[in-house]
Amino acid sequence: MKMNFKLTKMRVIFIAFLFSFISQNTFAEGVLMDVSPKDNSVVALNKFDNKITLAFSGNVSERSPSLVVVDSTGTRVDKHDVQLTIGERSILSATTFDLASGRYAIRYRVVPEDGLVVSGICRFELKNKEVQP
């Protein structure tokens with residue numbers, strides 16, 4: 001009976017250790033949490049404020065952040081003024097020139113503290129008329 005109790009106690013300790021290890025590693029750093037304009041959204045041209053903002057979880061490092069906005073022909077339309085604000089949610093932002101109706105893509109890249117590169121593309125469209133929510 002004592003041996004059985006020791007095995008059970010060891011199993012409980014092992015499972016607790018396993019869960020604590022898993023829970024610490026499930027919160028990845030540098031995950032894209034929010035983007036404005038939203039990915040695959042259609043935005044009324046008169047509502048677009050010429051600001052692109054991406055929010056990341058965790059600690060994003062200041063090493064080589066990148067944010068580029070291009071139109072449907074691949075022409076760069078941002079003002080090359082990318083800014084990174086580091087915090088609980090790190091914010092990567094840039095502004096664009098006045099844009100016409102059309103489709104646009106946001107290409108981004110950040111390096112979290114763990115050293116893994118996080119990159120991706122978000123798309124949005126601007127339209128002249130009011131867009132229904």
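This is a predicted model: local features need pLDDT of at least 70, side-chain atom pairs count only at pLDDT 80 or more; totals for chains, interfaces and linings use all residues.
1. Residues are numbered from 1 along each chain as its sequence is written, and side-chain values use heavy atoms, with hydrogens and water left out.

2. Next, the aromatic rings. Rings of Phe, Tyr and Trp (its six-membered ring) pair if their centres lie within 6.5 Å; planes under 30 degrees apart count as stacked, over 60 as edge-to-face and the rest as tilted. The count by this rule is 3 aromatic pairs. In one of them, the ring centres of tyrosine 104 and phenylalanine 124 are 5.6 Å apart with planes at 25 degrees, so this pair is stacked. Distant parts of the chain are linked here, as tyrosine 104 sits in strand 7 (residues 102–110) and phenylalanine 124 in strand 8 (residues 118–127), 20 residues apart. Strands are DSSP runs (E, at least two residues), numbered from the N terminus. Phenylalanine 124 is buried too, at 2% relative accessibility, and ring pairs join Phe48, Tyr104 and Phe124 in a cluster.

3. Now to the nonpolar core. Such a core is a set of buried Ala, Val, Leu, Ile, Met, Phe, Trp, Tyr and Cys residues joined through side-chain atoms within 4.5 Å. The largest one has 21 residues, and those with the most contacts inside it are Ile52, Leu54, Phe56, Leu67 and Ile106. Two or more residues each come from strand 3 (51–57), strand 4 (66–71), strand 6 (89–95), strand 7 and strand 8. In soluble globular proteins, nonpolar side chains tend to be buried together.

4. Which residues does isoleucine 52 touch, not counting residues up to four places away in sequence? With contact meaning heavy atoms within 4.5 Å, the list is Ser36, Pro37, Leu67, Val69, Leu92, Ser93, Ala94, Thr96, Ile106 and Phe124.

5. In the open sheet with the order 2-8-7-4, 4 strands come together with mixed pairing. Its edge strands, strand 2 (41–44) and strand 4, each pair on one side only. Neighbouring strands in this sheet are turned by 25 degrees against each other on average, direction ignored. Two strands pair if DSSP finds at least two bridges between them; strands 7 and 8 run antiparallel and are joined by 9 bridges. Arginine 109, for example, has serine 119 in strand 8 as its bridge partner.

6. Strand 5 is joined to strand 6 by 3 bridges, and the two run antiparallel. Glutamine 83 finds its bridge partner in serine 93 of strand 6.

7. Leaving aside neighbours within four places in sequence, valine 82 contacts Pro65, Leu67, Leu92, Ser93 and Ala94.

8. Some backbone details are worth checking. The peptide bond from serine 36 to proline 37 is cis, with omega near 0 degrees; proline 37 is in the loop between strand 1 and strand 2. Asparagine 40 has a positive phi, near 60 degrees, and asparagine 50 has one near 65 degrees. Asparagine 40 is exposed at 62% relative accessibility, whereas asparagine 50 is buried at 16%.

9. How many salt bridges does a search of the whole structure find? With a salt bridge being a side-chain nitrogen of Lys or Arg within 4 Å of a carboxyl oxygen of Asp or Glu, the search finds 3. Aspartate 34 meets lysine 38 at 2.5 Å, N to O, and aspartate 78 meets arginine 76 at 2.8 Å, N to O. Aspartate 78 is buried at 1% relative accessibility, while arginine 76 is partly exposed at 36%. Arginine 103 and glutamate 125 meet at 3.8 Å, N to O. That pair links distant parts of the chain, strand 7 and strand 8, with the residues 22 apart.

Note on methods. Buried means under 20% relative accessible area, exposed over 50%, partly exposed in between (1.4 Å probe, protein chains only). Axes are lines fitted to C-alpha atoms, for helices over the stretch in contact, and angles run from 0 to 180 degrees between N-to-C directions.
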